[in-house]
Structure formats: structure tokens, C-alpha cells
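Please open the structure in your viewer and keep the selection tool at hand.

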Amino acid sequence: MNVRRWSALTKRELLKIARNPAAIATSLMLPIMYLLLFGQGFNFTSSLAYLPPAERVAALNALLLGAPNYFSYFAAGMVGFVCVTATLFVGANVIFDKLFGSLKRTAASPATATDIFGARLVAGSIQPVGLAFLVLGLAILLGQVGLSGLDVSASVTVVGAAEVVLAILLLSLMFAALFLALGFTIEQPQTYFALVNAINLPVLLTSAALYPWGAMPAWLQDIASYNPITLAVEVLRITFFGDALYPYSAGIYLLGLIGWFVAMFTVATLLTQRALAPRV
Amino acid sequence: MPDAIVAEGLVKVYNGSVKAVDKVSFSVHEGEIYGFLGPNGAGKTTTLSMLTAVLAPTGGRATVAGLDAFRNPHELKQRIGLVFQESTADQDLTGRENLLLAAALFSVPLRDTPKRVEYLLERLALADSADRPVKTFSGGMRRRLELAVGIIHSPHVLFLDEPTLGLDPQGRAGFWKIITDLRKESGMTVFLTTHYLDEADGMCDRIAIIDHGKIVAEGTPSELKDRVGGDVVSVRPLGAGVGLEAALRALPSVTSVAVQDGTFRVKCPSGETLIPSVVGAATGLGISLAGVSLRRPSLDEVFLEFTGREYREDEGPTATDRAVFISRFQDARRGRR
């Protein structure tokens with residue numbers, strides 16, 4: 001990889017993101033709506049207040065694996081959700097660059113497929129990572145203004161914070177690689193968005209991002225255990241609420257995420273190289 | 001003189017059956033402007049795409065700027081410049097940002113980059129709009145920016161694919177003035193495809209006429225026109241010009257004489273040398289002349305001579321066009337660019 005080419009291409013991607021405030025505002029709207037409406041309306045654990053404290057804690061532990069309330073559990077899940085929805089634009093941008101010719105120009109330069117893919121991967125992951133932390137900040141802030149908010153019940157260590165950052169980064173990179181691979185191989189925006197929708201919903205609904213773990217049927221728990229969103233979200237929950245009720249440490253979940261990222265990165269790199277090679 | 005481009009037996013077959021380019025061989029000398037002329041679907045862009053490592057050939061060999069065009073695509077791209085038919089600049093970036101990006105992609109030395117960018121912006125009359133997004137540029141400005149991007153790294157060989165398509169006559173003239181000036185300054189070799197006959201005639205040192213994937217004629221514009229049968233000297237007598245036709249036919253080197261609306265059209269290899277004899281023959285017969293003019297045959301006639309059909313700039317899609325379209329459509333469905 002040529003560092004100068006790579007950084008110039010990354011700068012180009014970031015400039016394009018910065019010059020499209022409407023897209024930034026749109027990507028902010030979804031998590032804000034979820035936190036302000038869904039999270040507030042569905043915070044069912046407040047209805048368990050009638051239970052004696054010991055029974056209440058037992059019920060919460062069984063359902064939410066140590067999270068003090070559903071909103072807190074859900075806020076961590078929202079971070080994973082945002083990492084997915086905010087990265088899907090990186091693939092769409094590739095398709096539009098093909099349609100408007102600028103990818104043709106880049107491909108005609110000495111830049112390698114690795115330069116082109118790597119720049120888009122990094123630039124495309126910056127926005128989701130930023131959004132993820134915005135969601136966390138907003139979720140904590142809501143608790144300070146009289147609404148349900150993210151209640152961090154464990155003491156967060158430096159290592160724990162670093163694990164959270166790493167989990168968010170890996171999840172964003174993994175989905176950015178997936179959507180880039182789709183962007184480089186699909187020609188029509190309509191096909192891309194149809195496929196992305198067909199991927200997003202099943203991936204989200206087979207994860208532990210939204211469902212209380214204890215309420216999920218065993219078969220869904222089995223599937224969710226391998227879902228990359230679950231892996232990332234569990235790192236956040238362990239850090240924020242403690243690991244006592246989790247079968248593995250945050251490090252194991254991170255290893256699983258690294259595995260997902262490596263697999264997706266490898267596939268995406270191969271597909272990008274194939275797409276940018278001279279046409280046969 | 002060494003050759004900047006050598007193509008030997010280039011073949012491109014789409015869908016296993018349609019030959020878009022059929023055993024094309026030619027060479028382009030160092031510092032030359034070489035035109036690839038032909039109607040839509042003739043195989044011009046396919047040939048250019050193979051020479052610039054955009055398209056893999058089905059067969060044949062090519063050397064461009066001293067490199068095997070098919071074995072060293074990345075090195076090749078560093079040595080050549082490519083200006084596409086359509087605008088490929090990033091619309092959201094400014095003209096200057098597009099040039100800075102291109103400078104980085106083509107490894108223009110960092111210390112030279114600002115000077116080179118400023119030079120090109122000035123040289124191509126883009127300095128005043130350099131900091132505007134490209135989406136606000138006019139068609140002519142976009143073409144000039146494409147050219148600036150194509151030559152940011154001072155390429156050895158510049159490929160121009162229908163570079164003036166869609167420009168008005170002034171825009172085309174301005175664009176070609178820049179190209180000829182740059183060629184004079186840098187000695188750069190230029191390979192261009194065009195379907196504008198007048199453009200090829202005025203700009204190119206040598207021309208290849210391609211039709212149905214084959215080169216049907218090659219030479220300087222003058223040579224090609226000479227091969228059609230030379231010049232036409234039009235002789236207009238003041239009176240009826242009795243006996244003039246026979247006297248003109250009797251002149252050495254005259255290949256034909258046609259009379260149209262009282263004007264004698266004399267075809268010969270070299271009109272300039274025939275004119276004194278024409279005037280002498282008329283004077284010998286006591287015929288006063290109202291005028292004598294010399295017209296060299298245009299490339300339209302050359303195209304007609306070598307392809308057997310008249311040239312149409314707006315010809316509809318050919319079998320090759322359709323095959324290329326189908327191939328790209330199938331590539332897209334299979335997930336290829």
C-alpha cells in the first residue's frame with residue numbers, strides 16, 4: 001500500500017462526507033428516534049418496581065444479564081445497530097462513484113485495489129465510530145434530564161474503555177468491509193439497497209442488540225451468540241454492567257469480532273481486486 | 001525515431017463471438033499525434049482501453065512507453081495519461097482538490113505538487129474557478145480539468161478518448177490549441193480517438209482509419225488523401241470553354257475531368273504543380289479564366305474510399321456497440337465492472 005495515495009484517497013472520502021451535511025443529519029436521526037421513542041416507550045423494566053428488591057434483581061439478571069434496566073441494555077445494543085446502519089453508505093458511495101465516473105478515474109491511476117479499498121474502509125468507519133459514541137453520550141445524557149438513560153452500573157476501567165472502543169471499531173470495520181464488497185461488485189443502486197435491506201434486518205434481528213437475552217428462545221440465543229453485533233454489544237455490556245453473568249470475558253468476544261473482521265476483510269479485498277482488475 | 005506505442009495483432013472478442021478489434025497492428029512514433037479515426041463501434045475505444053490497461057485483450061501484444069502494456073499495468077499507468085470521453089472528476093471536490101488528489105495518485109513529488117497544480121490551473125484557464133466545486137463547472141471547464149488531471153504527472157504518452165465530444169466549435173478549437181502547445185513544450189506523444197474527421201485532419205501527424213475492428217488505412221492526412229486520387233483543381237472559364245475539357249485531359253498526371261455547372265473539375269495527384277499547366281492550356285486555346293482553385297480531398301472522401309461507405313458522425317449502434325453493451329451488462333450481473 002502506498003501511504004500517500006491511501007491518505008489522499010481517505011482525505012477525499014472524508015471531504016465528501018463533510019460536504020454532505022444532509023447525510024450526516026439523516027444518519028443521526030435514526031438513533032435519536034430510537035433512543036427518544038423506542039427506548040423510552042419500551043423500557044418495560046420500570047414496571048418491575050412492584051417486586052421485592054431481591055426478586056427484582058433476580059428477574060433483571062435473568063432477562064438482562066446484569067443491566068440495571070432495559071434502556072441501559074438497549075442503549076448498548078443501539079451502538080451496535082448504529083455501526084451497521086451508518087456503514088451501509090460506504091458501499092452506496094462506491095456505486096455512485098462508478099455511475100459518475102470518478103472510480104474509473106481512480107482505477108486508471110497507479111493506485112492499487114488495496115489503496116482504493118483501504119482508504120474507503122478507514123474513511124467509512126470513522127463516521128459510524130463517531131456516531132456510536134454520540135449514541136452513548138446521548139443515552140447517558142437522557143438519564144440526567146429525567147428520562148430513562150444509560151445507567152453504567154460497573155466501574156469502567158481504562159482497559160474496559162479500550163475494549164469498548166475496539167469493539168465499536170471492529171464492528172464498524174467489519175460491516176464497512178461487507179458493504180464495500182457489495183458496492184464494488186454491484187452496479188445498480190436499487191440492487192444494492194435491496195440487498196442491504198435483505199442483510200440488515202436479519203442480522204439485527206438475530207442479534208442480542210434489542211431482545212432481552214433471557215426472553216429469547218434457546219435456538220435464537222444459539223444463533224445470536226455468533227452474530228457480530230452480539231459480540232460487539234456484549235463487550236459494551238460487560239464493561240458497563242459487569243461480566244458476572246456472561247459465559248465469556250470481553251477478550252473472547254473481541255477475538256470473535258476479530259475473526260469476523262478478518263474473514264470479511266479477506267473476502268472484500270478479493271472482490272475489490274477482482275472488480276478493479278482490467279475488464280476481461 | 002523510437003516508437004512510443006507498438007501494437008501487434010491486437011484482438012478483442014466480446015461474448016466469444018463478436019470481434020470488436022481484429023488483429024490490429026500499428027506503431028506510434030515518439031512525440032507524434034496519432035489519430036484513431038472511425039465511426040461509433042469501429043473499435044477505437046476498445047483499442048485505447050487495451051493500450052491503457054483498462055481492458056484485457058483477447059490476443060496480441062502491445063508496448064506502451066517502453067512497457068509491456070499487459071504485464072505491467074501499474075507501471076504503465078504511471079507513465080501514461082488518460083482523458084476519458086466523459087467527465088470523471090469528483091463533482092463534490094473543487095478543481096484544485098481534484099488536481100491535488102491526482103498528483104498524489106500519480107506520485108508527483110510533494111515539493112513539485114503545488115507549483116504543478118498552479119501551473120496547470122493557469123495554463124488551462126481554470127485558475128479563477130479552481131476553488132469552486134466541479135459540479136458548478138461548464139462543459140468546457142470540465143474537459144479542461146480532465147486534461148489537467150490527465151497530464152498532472154507529465155506522462156510519456158497521453159491517450160485522449162473522444163476528448164472534445166459534446167464541446168462547441170470554440171471549445172474544441174481551444175482544447176486543441178492547448179494540446180498542440182503542450183505537445184510542443186513537452187514533446188509528449190498523443191494518441192487520440194475521434195470521430196470528428198476535421199479534427200483528425202487538422203491535428204494529427206498520422207491517422208489510422210478503423211472500421212469494423214480492422215485498420216483499413218494508415219498514413220499522414222496528406223498521404224491518405226493522395227491515395228484517394230489526389231487533389232481537385234477547379235477551373236472556371238469566362239465563356240463556354242470550348243475544347244478545354246480535351247486539353248485538360250491531355251495534360252500529364254490528370255486522372256479525370258468532370259464538368260459541373262460550367263466548372264471543370266480536374267483530378268490529379270498534385271494540384272499545385274498542375275495549375276500552371278492548366279492556365280497554359282487555357283491560354284493556348286484563347287480561353288480567359290474566371291478563376292482557378294485547388295481543393296485537397298477531405299478525410300470524408302478518404303473514409304468513403306477505404307470503407308466503401310459514407311461517414312456519419314451520428315451512426316446508430318453497431319453490432320460491436322451492442323456486443324459491448326451486452327458484455328458489460330452481463331459483467332454487471334456477474335458482479336464485474
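Begin with helix α1 of chain A by selecting residues 3-18. This helix has 16 residues and reaches 22 Å from its first C-alpha to its last, close to the 22 Å expected at 1.5 Å a residue. Bear in mind from the outset that this is a predicted model.

Now show the side chains of α1(A). Which residues of α1(A) are buried? They are R5(A), W6(A), A8(A), L9(A), R12(A), E13(A) and I17(A). An α-helix has 3.6 residues a turn, so residues three or four places apart point the same way.

Next, colour chain A by confidence. Its mean pLDDT is 92, and 100% of its residues reach 70 or more. Within chain A, confidence is lowest in helix α2 (residues 21-41), at a mean of 88, and highest in helix α10 (residues 228-241), at 97.

Select V79(A), A177(A), L180(A) and A232(A), which touch the most other members of the largest nonpolar core, a set of 163 residues. Helix α4 (residues 70-100) of chain A provides the largest share of this core, with 18 residues. Apart from this core lies another, of 12 residues, including V233(B), V235(B), L244(B) and L248(B). In soluble globular proteins, nonpolar side chains tend to be buried together.

Return to A232(A) and display its surroundings. Leaving aside neighbours within four places in sequence, A232(A) is in contact with G80(A), C83(A), A167(A), I168(A), L170(A), L171(A) and L257(A).

Then turn to the boundary between the chains. How many residues does each chain bring to the contact? Chain B gives 31 residues and chain A gives 26 residues. On the side of chain B that touches chain A, α2 (73-79), α3 (95-105) and α12 (319-334) each supply at least two residues. The residues on this side of chain B comprise 15 nonpolar, eight polar and eight charged.

Finally, select the whole of chain B. Its C-alpha trace spans about 75 × 50 × 40 Å along its principal axes, and its secondary structure comes to 12 helices and 14 strands. Of the 337 residues in chain B, 43% are buried. Colour domain 1 (3-224 + 307-334) and domain 2 (230-296) of chain B separately. The C-alpha centres of these two domains lie 43 Å apart.

Technical notes:
Residues are numbered from 1 along each chain as its sequence is written. Chains are lettered from A and ligands numbered from 1 in the order in which they are written. This is a predicted model: local features need pLDDT of at least 70, side-chain atom pairs count only at pLDDT 80 or more; totals for chains, interfaces and linings use all residues. A nonpolar core is a set of buried Ala, Val, Leu, Ile, Met, Phe, Trp, Tyr and Cys residues joined through C-beta atoms within 7 Å. A residue is buried if 20 or more other C-beta atoms lie within 10 Å of its own, exposed if 12 or fewer, and partly exposed in between; C-beta atoms are placed from the backbone. Helices (H or I, at least four residues) and strands (E, at least two) are DSSP runs, numbered from the N terminus. Two residues are in contact if their C-beta atoms, placed from the backbone, lie within 7 Å. Ala, Val, Leu, Ile, Met, Phe, Trp, Tyr, Cys and Pro count as nonpolar, Asp, Glu, Lys and Arg as charged, and the others, Gly among them, as polar. pLDDT is the predictor's confidence in each residue, from 0 to 100. The expected span of a helix is 1.5 Å times one less than its number of residues. Domain bounds come from an automatic or database domain assignment.
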